[in-house]
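Please read the points in order, with the model open alongside.

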Amino acid sequence: MSDAPLGSKANPSQFDCLPDLADDEPYFVIRAHDPLSNALVELHAYIGAGQAGAAHNKLAEIMALTSERPPRPSGSPKYRETFAISGSMERWRRDNA
């Protein structure tokens, strides 16, 4: 048993997908240092589990957290790249279905 936290590089989750990624499959990593990381992962889990009420509450929590600091400018390269990755994911799923 590892002392490393679950989901880390040293102690991957049972469902860790990185080893299974196709060479051309786009992915996006949310790291723990991001202040929204745990809330975003919980939101994903609630949506996947069909728990609409819990997802709605978690999204409201995320929105409250983001209102406390100024947003990244829409011209930010990181902001634009995030949307480009999202588009790549959509195209990859379509082309590899």
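1. Helices here are DSSP runs of H or I with at least four residues, numbered from the N terminus. This is a predicted model, in which local features need pLDDT of at least 70 and side-chain atom pairs count only at pLDDT 80 or more, while totals for chains, interfaces and linings use all residues. Residues are numbered from 1 along each chain as its sequence is written, and side-chain values use heavy atoms, with hydrogens and water left out.

2. Is K58 buried or exposed? K58 counts as buried because its relative accessibility is 9%; buried means under 20% relative accessible area, exposed over 50%, and partly exposed in between, with a 1.4 Å probe and protein chains only. Leaving aside neighbours within four places in sequence, K58 is in contact (heavy atoms within 4.5 Å) with A39, E42, L43 and Y46.

3. Helix 2 has 16 residues and spans 22 Å from its first C-alpha to its last, close to the 22 Å expected at 1.5 Å a residue. The expected span is 1.5 Å times one less than the number of residues.

4. Which residues of helix 2 are buried? They are A55, K58 and I62. Viewed down the axis of helix 2, these buried residues fall within an arc of 65°, so they line one face of the helix; the arc is that of the directions from the helix axis to the C-beta atoms. An α-helix has 3.6 residues a turn, so residues three or four places apart point the same way. On the other side of helix 2, H56, N57 and S67 are exposed.

5. The buried residues of helix 2 pack against helix 1. In turn, the buried residues of helix 1 are S37, A39 and L43, and they pack against helix 2. Helix 1 has 12 residues and reaches 17 Å from first C-alpha to last, close to the 16 Å expected at 1.5 Å a residue. Just after helix 1, G50 takes a positive phi of about 75°.

6. The segment before helix 1 deserves a separate look. Y27 is found there and counts as partly exposed because its relative accessibility is 47%. C17 lies in the segment before helix 1 as well, and C17 is partly exposed, with a relative accessible area of 44%. C17 and Y27 are 10 residues apart in sequence and 9.8 Å apart in space, C-alpha to C-alpha.

Methods:
Helix = DSSP H or I, 4+ residues; strand = E, 2+ residues; numbered from the N terminus.
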